[in-house]
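Trainee: I have a new model open and would like to go through it with you. Could we start with one residue and then move on to the helices?
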Amino acid sequence: MLLAEDQGMVREALAALLSLEGDLDVVAQVSRGDAVAAAVVEHGIDVAVLDIEMPGMTGIDACAEIRRVRPQTKVVIATTFGRPGYLRRAMESGADAFLVKDAPAAELAEAIRRVLRGEKVIDPTLAAAALSEGANPLTGRERDVLAAAADGSVNADIAARLHLSEGTVRNYLSMAIQKTAARNRAEAVRVAREKGWL
């Protein structure tokens, strides 16, 4: 199994706990999302346990990369961010399990065994929240533009970065603000992040 977690102490503690399970073996650890796919291929990983928030690439994007380079690898997303939007995006990217990190290590070990048997494992509270919340209302392009605006970039910079016109950027931002029921772009970014839509 591979563990991908940017906090070294958390990653090492989790590896130590999982190694106590007689049937589970942690053979690789990475601290960056953009290092996941290469490590999965190099080590022939059966199960990758990924955090969502990592430098280089999110766990959700790393999951999609795993699906591309080694589709037989099972993916477990374990995160402190129990947001319904994250759950939906993780499942759309091909995750086999989605757990919140405050669950006991024994639950993670059992989830790993279950995904190896071909089951899907989802935190039940998060699943209920995702169902009640509904789908992400933002289109892919609206998410791109809103994410580009998150650092305070002006429309001209966003347009240049995403190869769009300034008017198109304004339209996407306007729609994102409307769909998140926000007053401005900064609030729209905050709402979208809280819901796991970005």
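Trainee: Where does Cys-63 lie?
Mentor: Cys-63 is part of helix 3, which spans residues 59-69, helices being DSSP runs of H or I with at least four residues, numbered from the N terminus. Please keep in mind that this is a predicted model, in which local features need pLDDT of at least 70 and side-chain atom pairs count only at pLDDT 80 or more, while totals for chains, interfaces and linings use all residues. Residues are numbered from 1 along each chain as its sequence is written, and side-chain values use heavy atoms, with hydrogens and water left out.

Trainee: Is Cys-63 buried or exposed?
Mentor: Cys-63 counts as buried because its relative accessibility is 0%, where buried means under 20% relative accessible area with a 1.4 Å probe and protein chains only.

Trainee: And what is Cys-63 in contact with?
Mentor: If neighbours within four places in sequence are left aside, Cys-63 is in contact with Leu-50, Val-75, Ser-93, Gly-94 and Ala-95, contact meaning heavy atoms within 4.5 Å.

Trainee: Switching to helix 8, how do the axes of helix 8 and helix 9 cross?
Mentor: Those axes come within 8 Å and cross at roughly 105°, the axes being lines fitted to C-alpha atoms over the stretch in contact, with angles from 0 to 180 degrees between N-to-C directions. Helix 8 is therefore roughly perpendicular to helix 9, a label given to angles of 65 to 115 degrees.

Trainee: Which residues meet there?
Mentor: From helix 8, Asn-155, Ala-156, Ile-158 and Ala-159 meet Glu-166, Val-169, Arg-170 and Leu-173 of helix 9.

Trainee: What about helix 7 and helix 8, how do their axes cross?
Mentor: The axes of helix 7 (residues 140-149) and helix 8 (residues 155-162) come within 10 Å, crossing at roughly 125°. The contact involves Arg-141, Asp-144, Val-145, Ala-148 and Ala-149 on the helix 7 side, and Ile-158, Arg-161 and Leu-162 on the helix 8 side.

Trainee: Last topic, helix 10: which of its residues are buried?
Mentor: In helix 10 (residues 185-194), the buried residues are Glu-187, Ala-188, Val-189, Val-191 and Ala-192, and they pack against helix 7 and helix 9 (166-179).

Trainee: What caps the N-terminal end of helix 10?
Mentor: Asn-184 does, with a side-chain oxygen 3.2 Å from the backbone nitrogen of Ala-186. Just after helix 10, Gly-196 has a positive phi of about 80°.

Conventions
Helices (H or I, at least four residues) and strands (E, at least two) are DSSP runs, numbered from the N terminus. Buried means under 20% relative accessible area, exposed over 50%, partly exposed in between (1.4 Å probe, protein chains only). A polar contact is a pair of N or O atoms within 3.5 Å; within protein, one must be able to donate a hydrogen and the other to accept it, and residues adjacent in sequence count only if both atoms are side-chain atoms. Angles under 35 degrees count as roughly parallel, over 145 as roughly antiparallel, 65 to 115 as roughly perpendicular and the rest as oblique.
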